[in-house]
Amino acid sequence: LLGLIESMAIFISYPLIVAALSGPILGENVGLYRWTAIGIGFLGVMVILQPGDGVFSPYALVAVTSALMFALYTLLTRYAARKDTAATSFFWTGVAGAVAMTLIGVWFWEPMAPRDWLWMLALCISGATGHYLLIKTYEVAEASAVQPFAYLQLVFVSVIGLFVFNEDLRTNVVIGAGLVIMAGAVSYTHLRAHETRHDL
């Protein structure tokens with residue numbers, strides 16, 4: 001609906017949503033600096049969407065909703081990791097997801113073209129592996145330490161979008177994504193500085 005680069009530029013705001021919701025969901029203290037970073041990140045998303053220029057696409061709400069849902073998934077994964085192993089979380093998310101999507105998808109079933117089976121196999125393997133590694137990451141490391149690496153997704157996606165799908169990299173997307181990444185870096189830097197002072 002939007003293209004790979006623009007969708008990911010919006011989606012990559014999810015670490016800031018994690019920071020915003022970590023208070024009410026996990027009982028963490030967000031603080032003024034992190035709220036400031038969240039505000040900068042929101043401004044970055046607005047630059048990407050350009051709502052004031054009449055070019056805002058309602059399809060962008062799909063990417064915004066995706067970012068919100070993935071942020072909730074991240075927070076709940078972190079919450080579950082306090083008691084459950086990565087294998088347990090991986091098993092139950094897989095089973096629950098398979099059942100839910102089967103109940104929905106069976107009504108829209110279409111035979112898959114033979115040439116797409118290999119791509120689907122690659123998608124399943126890479127998706128399942130990435131999912132397990134993400135859960136394992138939250139088991140062995142703090143979510144706050146992991147979030148900055150999420151911004152690398154935008155780099156990888158931009159390369160793929162430019163060279164595989166021949167997409168354009170618009171100026172507002174570059175500027176907005178830069179603001180989102182800067183906001184994440186500010187939030188992370190302040191958090192680590194606070195933890196260092198606490199340790200001392």
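At what angle do helix H2 (residues 14-26) and helix H4 (residues 60-80) pack, and how far apart are their axes? In this predicted model, the angle between H2 and H4 is about 50 degrees, and the axes lie 9 Å apart. H2 is therefore oblique to H4, and the crossing of the two helices is right-handed. On the H2 side, the contact is formed by Tyr 14, Ile 17, Val 18, Leu 21, Ser 22, Ile 25 and Leu 26. H4 contributes Ala 67, Leu 68, Phe 70, Ala 71, Leu 72, Thr 74, Leu 75, Arg 78 and Tyr 79. Classified by residue type, this contact comprises 13 nonpolar, two polar and one charged residues.

The chain as a whole contains nine helices and zero strands. Of its 200 residues, 30% are buried. Among contacts between residues at least 6 apart in sequence, 85% join residues at least 24 apart.

The largest nonpolar core consists of 29 residues, of which Met 8, Ile 10, Ile 12, Tyr 14, Leu 16, Leu 154 and Val 180 touch the most other members. At least two core residues are supplied by each of helix H1 (4-11), H2, helix H3 (31-49), H4, helix H8 (152-163) and helix H9 (171-199). The most are given by H2, with six residues. For Val 180, when neighbours within four places in sequence are left aside, the contacts are with Ile 12, Ser 13, Leu 16, Gly 41, Gly 44, Val 45 and Tyr 151.

How values were computed: Residues are numbered from 1 along each chain as its sequence is written. This is a predicted model: local features need pLDDT of at least 70, side-chain atom pairs count only at pLDDT 80 or more; totals for chains, interfaces and linings use all residues. Side-chain values use heavy atoms; hydrogens and water are left out. Axes are lines fitted to C-alpha atoms, for helices over the stretch in contact, and angles run from 0 to 180 degrees between N-to-C directions. Helices (H or I, at least four residues) and strands (E, at least two) are DSSP runs, numbered from the N terminus. Angles under 35 degrees count as roughly parallel, over 145 as roughly antiparallel, 65 to 115 as roughly perpendicular and the rest as oblique. A crossing is left-handed if the near helix is turned anticlockwise from the far one by less than a right angle, and right-handed if clockwise. Contact means heavy atoms within 4.5 Å. Ala, Val, Leu, Ile, Met, Phe, Trp, Tyr, Cys and Pro count as nonpolar, Asp, Glu, Lys and Arg as charged, and the others, Gly among them, as polar. A nonpolar core is a set of buried Ala, Val, Leu, Ile, Met, Phe, Trp, Tyr and Cys residues joined through side-chain atoms within 4.5 Å. Buried means under 20% relative accessible area, exposed over 50%, partly exposed in between (1.4 Å probe, protein chains only).
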